[in-house]
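Here is my note on the model, as numbered points. Please read it with the structure open.

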Amino acid sequence: MADKSRDPEALEREIERSRQQLARTIDELADRVSPRNVAQRGAERLKEEADQVAKALGAMVRPSEDDDGEGPQIDRRLVLAGVGAAVIVTALVLRRRRRRRR
């Protein structure tokens with residue numbers, strides 16, 4: 001069973017270390033599941049995905065000189081496609097969140 005020759009003070013120190021470690025672990029878990037932090041992580045993830053979509057759309061848009069020579073012209077169809085893609089991605093992310101909450 002237990003080693004009766006162990007120093008009681010050493011056992012108390014070991015127990016205290018274990019308590020402190022457990023308290024830190026519980027604090028980390030509480031922080032991880034905090035609704036505010038979960039929402040913040042979701043918003044950050046959505047922002048990153050939106051940035052990636054914007055970059056992909058930017059790569060698709062080719063500047064071309066218009067007839068007036070005023071500089072690059074952006075095809076409106078690509079802009080509408082980008083907006084549509086962003087709306088779809090947002091809807092899918094929100095739908096996924098709602099399913100996780102159930």
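1. Start with Asn-37. Asn-37 sits in helix H2. Helices here are DSSP runs of H or I with at least four residues, strands are runs of E with at least two, and both are numbered from the N terminus. Asn-37 counts as buried because its relative accessible area is 18%. The cut-offs are these: buried is under 20% relative accessible area, exposed is over 50%, and partly exposed lies in between (1.4 Å probe, protein chains only). The side chain of Asn-37 makes a polar contact of 2.6 Å with the side chain of Asp-31. A polar contact is a pair of N or O atoms within 3.5 Å; within protein, one must be able to donate a hydrogen and the other to accept it, and residues adjacent in sequence count only if both atoms are side-chain atoms.

2. Basis of the model. This is a predicted model, in which local features need pLDDT of at least 70 and side-chain atom pairs count only at pLDDT 80 or more, while totals for chains, interfaces and linings use all residues. Residues are numbered from 1 along each chain as its sequence is written, and side-chain values use heavy atoms, with hydrogens and water left out.

3. Overall fold. The chain has 3 helices and 0 strands. The order from the N terminus is α-α-α. Of the 102 residues in the chain, 6% are buried. The chain exposes about 9600 Å², and carbon and sulfur atoms supply 54% of that area. Accessible areas come from the Shrake-Rupley method with a 1.4 Å probe; for residues, only the protein chains shown count as cover.

4. Salt bridge. How many salt bridges does the structure hold? The structure holds 1. The term means a side-chain nitrogen of Lys or Arg within 4 Å of a carboxyl oxygen of Asp or Glu. The partners are Arg-19 and Glu-16, at 3.9 Å, N to O. Both lie in helix H1 (residues 8-33), 3 residues apart, about one turn of the helix. Arg-19 is exposed, at 56% relative accessible area. Glu-16 is partly exposed, at 37%. Side chains of opposite charge can pair when their charged atoms come close.

5. Positive patch. Arg-32, Arg-41, Arg-45, Arg-96, Arg-97, Arg-98, Arg-100 and Arg-101 form a positive surface patch. Helix H2 (35-60) and H3 are the elements that give two or more residues to the positive patch. H3 supplies the largest share, 5 residues. Patches use residues with over 30% relative accessible area and no salt bridge; like charges are joined within 9 Å, nonpolar side chains (Val, Leu, Ile, Met, Phe, Trp, Tyr) within 5 Å. Lys and Arg count as positive and Asp and Glu as negative, with His and the chain ends not counted. The place of a charge is NZ of Lys, CZ of Arg, CG of Asp or CD of Glu. Arg-101 lies in helix H3. Arg-101 is exposed, with 70% relative accessible area.

6. Nonpolar patch. Val-79, Val-83 and Val-87 make a nonpolar surface patch of about 250 Å². Val-87 belongs to helix H3 (residues 76-101). Is Val-87 buried or exposed? Val-87 is exposed, since its relative accessible area is 52%.

7. Contacts across the sequence. Check two C-alpha pairs. Glu-49 is in helix H2 and counts as partly exposed, at 29% relative accessibility. Glu-49 and Ala-86 are 37 residues apart in sequence and 9.1 Å apart in space, C-alpha to C-alpha. Ala-81 is in helix H3 and counts as partly exposed, at 42% relative accessibility. Ala-81 and Leu-57 are 24 residues apart in sequence, with 8.7 Å between their C-alpha atoms.
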